[in-house]
Amino acid sequence: MFPKPIEKSSRTWQISYQALLPFALIVWLLPLLAVANFSIKPEADFVNGNYWGLPSSFEAFSNYGKVFFESNMPKYLLNSLFITIPTVIGAVALSCMAGFALGIYKFKSNLPIFFIFIAGNFVPFQILMVPVRDMTISMNLYDTKTGLVLFHIAFQTGFCTLFMRNFIRALPFPLIEAARVEGIAEWRIFLYVVLPLMKPALAALAVLIFTFIWNDYFWAVVLTQGPSAQPVTAGITEFNSQFRAAYHLMSAGSIVAALPPVVMFFLMQKHFIAGLTLGAVK
Amino acid sequence: MSVSPAASSHHASTPQKGWYKRNEIAITPWLFLLPAIIFFTVYVIIPIGQSFWISFHQWDGLGEKTWIGTANYERLLGWGDQNMDRKFETSFWNNLRWLVLYLLAIPAGLFIALFLNQTVRGIRVYKSLFFFPFVISQVVVGLVFSWFYLPNDGLFDIITGWFGIDVKGGVLGNPNTATYGIIAAGLWPQTAYCMILYLTGLNAVDPEQVEAARLDGAKGHKMLWYVILPQLKPATFIAFVVTIIGALRSFDLISVMTNGGPFGSTRVLSFFMFEESLSEFGFRMGYGAAIAVVLFFLMLGFIGYFLYSMYRDEKGAR
């Protein structure tokens, strides 16, 4: 193990390490702690210049209450949910199938197709922006959740296919051969042999895509414009112009907007990290 | 299309079946690929081509496109007797700053990973809390940092004030510091990502090699450089890929924190492109597309390298 395990070092270093940990953590998360602090302060604190000190009174209920009952925030949150969930389902479904095809079968254009998926995934968004926006408008899907969902599914399919294909590659191939010898149809092999083995990959991808899509801002701005379809990342800017310089409300709104992926992460930590670090170990 | 040997012999023994049954192994992958290929082609592959096409036109996004040849590129890059678009120049240099400084996330992430790679009580919670910034949307990160940088009232200004440093107009209000302020905000989640990559990598480091090196008297930075880092190469590669792509994709933070200002000093190509084609300044789609094409070629260099590395691994694996 590297660095040297702490238990094998001197007592003083052990104690100072234990003390250093929480200190380092607080410094690292200082920006977040500050926003959390902002969000429970009364407005008066900001007027009096008490930005970073302790709140003079505890106003969490009234601040968060305003976010939920006196703004479009709930609407934006719902939009985000209705954009994110279908995208996760769609992208995972498409990439399961594509990953199965690329991971199991040998055919000439297998690698070229695989590499086109990977390459597309790295492309700058801007080169897609004008045509995709134009197409979305001509399909009458501009400023709708469906328009965003369709694009997200398509774009995420690149990354998801890379992920799924590598996962399926690592499955024991004799299992599939055995099923073929039994004369099981190929689509049944996918459904009953491969899919059940893919559960960890499905979970990992689902949380990852959930986070990516929830946090997307660029496409939200390009393909939507009002509270009827905009997700919370884009809505927060409108929210902020409604409460200009009202830091206590803007920070409460930001926390609400950021929360769902955070919850997702802490609930599904193992899968999330397994997904993100895929390929980091050979 | 080659067919795997086990399956073909099986099918040879049962020839009297339908056309689909006989070609099942050759056709199935295409059926499975079809939906993904259709989506990807319509939304990713074709638009890339269309952007190239649009970049040779003058177009406001609504009316007719007018063919103007390479005029957009001439104006952008300053070919012929014109000067290079000043906005483009600023954006390009800022992109380079992003690229270089963003890479700091890799050593910083490694440093934190080494710091946290212990087995004391509660370390798991520490690791996930250190990773936490990565999960938060860049929009929120941008907002948080813009409050941190507030002139006079911001924590940054207060702390630097103790040392007698005063950034005129606040970090984000000063054209000399604004870009660096934004990059610092971007480094925060990016470092967290690199950290988690290295933590996973360190977990898989071969303990026997480490012990052997230790017996040979290796320790500290020598051990890190000659024994540990070579084993972390896959993690470093991924960290490199995501950091480069992240640096060139930077948009959210700039849009939220400064909106390109002050005086356009924080523009990068991705933001500049958005501004030209979709903002109150007008809908110059053709010009925007030309910027996107330049950005695309810039990225293509990196993408080519990444794909080449992956291709080599792929070949090695067979």
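A word on conventions: residues count from 1 along each chain as its sequence is written, while chains are lettered from A and ligands numbered from 1 in the order in which they are written. Because the model is predicted, local features need pLDDT of at least 70 and side-chain atom pairs count only at pLDDT 80 or more, whereas totals for chains, interfaces and linings use all residues.

Let's start with chain A. It has 15 helices and zero strands; these are DSSP runs numbered from the N terminus, with helices being H or I of at least four residues and strands E of at least two. The radius of gyration of chain A is 24 Å, well over the 19 Å that the globule rule gives for 282 residues, so this chain is more spread out than a compact globule. That radius is taken over C-alpha atoms, and the rule is 2.2 Å times the number of residues to the power 0.38. Along the principal axes, the C-alpha atoms of chain A fill a box of roughly 75 × 65 × 30 Å. Of the 282 residues, 47% are buried, where buried asks for 20 or more other C-beta atoms within 10 Å of a residue's own, exposed for 12 or fewer, and partly exposed lies in between, with C-beta atoms placed from the backbone.

Now chain B. Here we have 16 helices and two strands. Its radius of gyration is 26 Å, well over the 20 Å from the globule rule for 318 residues, so chain B too is more spread out than a compact globule. The C-alpha trace spans about 85 × 70 × 35 Å along its principal axes, and buried residues make up 42% of the chain.

How do the two chains meet? The contact takes 81 residues from chain A and 85 residues from chain B. On the chain A side, the residues divide into 60 nonpolar, 15 polar and six charged. For the cut-offs, two residues are in contact if their C-beta atoms, placed from the backbone, lie within 7 Å. As for classes, Ala, Val, Leu, Ile, Met, Phe, Trp, Tyr, Cys and Pro are nonpolar, Asp, Glu, Lys and Arg are charged, and the others, Gly among them, are polar.

Next, two helix pairs. In chain A, the axes of α11 (residues 199-214) and α14 (residues 247-267) come within 9 Å and cross at roughly 165°. Axes are lines fitted to C-alpha atoms, for helices over the stretch in contact, and angles run from 0 to 180 degrees between N-to-C directions. α11(A) and α14(A) are therefore roughly antiparallel. Their contact joins V207(A), F210(A), T211(A) and W214(A) of α11(A) to P260(A), P261(A), M264(A) and F265(A) of α14(A). By class, that is seven nonpolar, one polar and no charged residues.

In chain B, α8 (residues 138-148) and α10 (residues 178-203) pack at about 130°, with axes 10 Å apart. That makes α8(B) and α10(B) oblique to each other; under 35 degrees counts as roughly parallel, over 145 as roughly antiparallel, 65 to 115 as roughly perpendicular, and the rest as oblique. V141(B), G142(B) and F145(B) of α8(B) meet A185(B), W188(B) and P189(B) of α10(B), which gives five nonpolar, one polar and no charged residues.

Last stop, α15(B), residues 269-277: nine of its nine residues are buried, including F271(B), F272(B) and E275(B).
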